[in-house]
Amino acid sequence: MSEMRFTEGKILKPMISFTIPVLLAMCLQAAYGAVDLLVVGRFASPADVSAVSTGSQLMQTLTGLITGLAMGMTIILGQEIGRNRSGEAGKTLGAGIVMFAAVSVLLTAGVVLLGRFLAGILNAPPEAFDKTVSYIRICGGGAFFIVAFNLICSVFRGIGNSKLPLYSVAIACAANIIGDLVLVSVFHLGASGAALATVGAQALSMLISGFMIRKSGLPFMFQKNYIRRDLSRMKRIFRLGLPIALQDLLVGISFMVILSIVNSLGVTASAGVGVAEKVCAFIMLVPSAFSQAISAIVAQNYGAGKMERAWKSLKYGIAVSFSFGVVMFWISFFHGDLLSSIFAKDAEVIAAGHSYLKAYAIDCLLTAVFFCFSGFYNGIGRTRFNMIQSVTGAFLVRIPVSFFMSRIRPVSLFRVGLATPCSSFVQVILCLLYMRKIRKELK
């Protein structure tokens, strides 16, 4: 199986080669989530649209938790490969398979049995309540495929192969589009059809990825007897992955709180911020991709004891990511109305979205820096610090500032949006301060 060794030779070119497939996979994942809603909105009822919108929020949150936990595998495998300990990498994978199999069982049972309760927590509208429950339970029933899919992707990013995750996501995206069109537009299954298409697409992608692995093999020794309950290895995966999972969950909650604050300002403000958030979801893909790439590169070099290469990887990552950030700043600040018009037609909504995007434009410069720092800290196993700095920015800066700005009259979405770059600025400072501590420790 093709892999990249980041412990020798040039740094920048392999980093770009690794990052591009990661970025493309993330773009496909962002599009993947929009397909269900797009098809259901065109061929089903408003109740089905509401069910998919509500149910997919829950599943995205749960998938984020799984992805965060799986990052523990990415980090450990990268470090073991950097140390040239292929047997240890194989044993870690075996323990991870057992661990994530248990997670998938718990997730399936919990979501299926608590489907109605979860729909109630999400305040699903009465006319869409049963459809929401159905969507949640079907997706929950396919949790095994969702977990396996994300585990495979994490393993291959850890060994320096970002292309197989891209192929997996591309297969899943294509299968999901076909499944949606057949089940929703032809068989008129509505939200249930969209859920079945999602689960089927994940299952197909997992099976094809498994076939590719069997055909090409792994770049480290792996035996069937490695698949066992190894508590020490499972604890290590959990210890590294849990902070990342909690970080994604809590940051997501903070943005939901901000959305509720904006919703109190009226329909136009709510719609404008909603449009801006859709644009930002794509804008933030570049720094997110570099963060994942730096995690894999730094993990291998940290494992190999080559910290100078790890430092250089961070510097290169920041330089390239910041260059993209400057471009996105210019587009978002001066042409945010064009970006907003992609998702809205109402002139007032487009203007509101542009106002909010001007604040996010500043954030493009800051996230280009602290996302790379986050990837570096993940690579050396300091995931707990990343959780602390993210939660600090979210709950001690982003939410209070947005609430304060929403109380200043006249209300300006630009001022409300400044809460995000304010949070990012604090996180950059925390990352720089922690870097001084890390350098002293590693010396």
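Ala, Val, Leu, Ile, Met, Phe, Trp, Tyr, Cys and Pro are counted here as nonpolar, Asp, Glu, Lys and Arg as charged, and everything else, Gly included, as polar. The model is a predicted one, so local features need pLDDT of at least 70 and side-chain atom pairs count only at pLDDT 80 or more, while totals for chains, interfaces and linings use all residues. Residues are numbered from 1 along each chain as its sequence is written, and side-chain values rest on heavy atoms, with hydrogens and water left out.

A cavity, on a 1 Å grid over the protein atoms alone, is a set of points where a 1.4 Å probe fits but cannot get out; a pocket is an open set with protein on both sides within 12 Å along at least five of seven lines; and lining residues have an atom within 4 Å of a point. Grid points are joined across faces, edges and corners, and a volume is the space filled by probe spheres set on the points. The lining of the largest cavity includes Ile283, Met284, Ser321, Phe324, Cys364 and Thr367. By class it has 8 nonpolar, 3 polar and no charged residues. Helices H11 (285-303), H12 (307-340) and H13 (347-379) each put at least two residues into this lining, and H12 gives the most, with 4. Helices here are DSSP runs (H or I, at least four residues; strands are E, at least two), numbered from the N terminus.

Thr367 lines the largest cavity and also turns up in the surroundings of Ser424. Ser424 belongs to helix H16 (residues 419-442) and is buried, with a relative accessible area of 2%. For reference, buried means under 20% relative accessible area, exposed over 50%, and partly exposed in between (1.4 Å probe, protein chains only). Setting aside neighbours within four places in sequence, Ser424 is in contact with Asp363, Leu366, Thr367 and Phe370, where contact means heavy atoms within 4.5 Å. With Asp363 there is also a side-chain to side-chain polar contact from Ser424, at 2.4 Å. A polar contact is a pair of N or O atoms within 3.5 Å; within protein, one must be able to donate a hydrogen and the other to accept it, and residues adjacent in sequence count only if both atoms are side-chain atoms.

Next come the open spaces. The second largest pocket holds about 560 Å³ of space. Its lining runs to 20 residues, with Ile97, Leu151, Ile152, Gly210 and Ile213 lying nearest the centre. Helices H3 (86-113), H6 (143-158) and H8 (190-216) each supply at least two lining residues, and H6 gives the most, with 7. Helix H8 also carries Met212, which is partly exposed at a relative accessible area of 24%. Met212 and Ile136 sit 76 residues apart along the chain, and their C-alpha atoms are separated by 30 Å.

As for packing, the largest nonpolar core has 55 residues, and Met73, Phe100, Leu107, Tyr135, Val155 and Phe156 have the most contacts inside it. Helix H2 (residues 46-82) brings the largest share of this core, 14 residues. Apart from it lies another core, of 36 residues, with Ala289, Phe290, Val298 and Phe376 among them. Such a core is a set of buried Ala, Val, Leu, Ile, Met, Phe, Trp, Tyr and Cys residues joined through side-chain atoms within 4.5 Å. Leu107, from the largest core, is in contact with Leu62, Ile66, Ala143 and Val147 once neighbours within four places in sequence are left aside.

Finally, a few backbone details. Asn84, in the loop between H2 and H3, has a positive phi of about 60° although it is not a glycine, and is exposed at 60% relative accessible area. His188 has a positive phi of about 55°, again without being a glycine; this residue is found in the loop between helix H7 (163-186) and H8 and is exposed, with a relative accessible area of 60%. On helix H7 itself, Val182 is partly exposed at 36%. The C-alpha atoms of Val182 and Ala194, 12 residues apart along the chain, are separated by 9.6 Å. A cis peptide bond joins Arg409 and Pro410, with omega about -5°, and Pro410 falls in the loop between helix H14 (383-406) and helix H15 (413-417).
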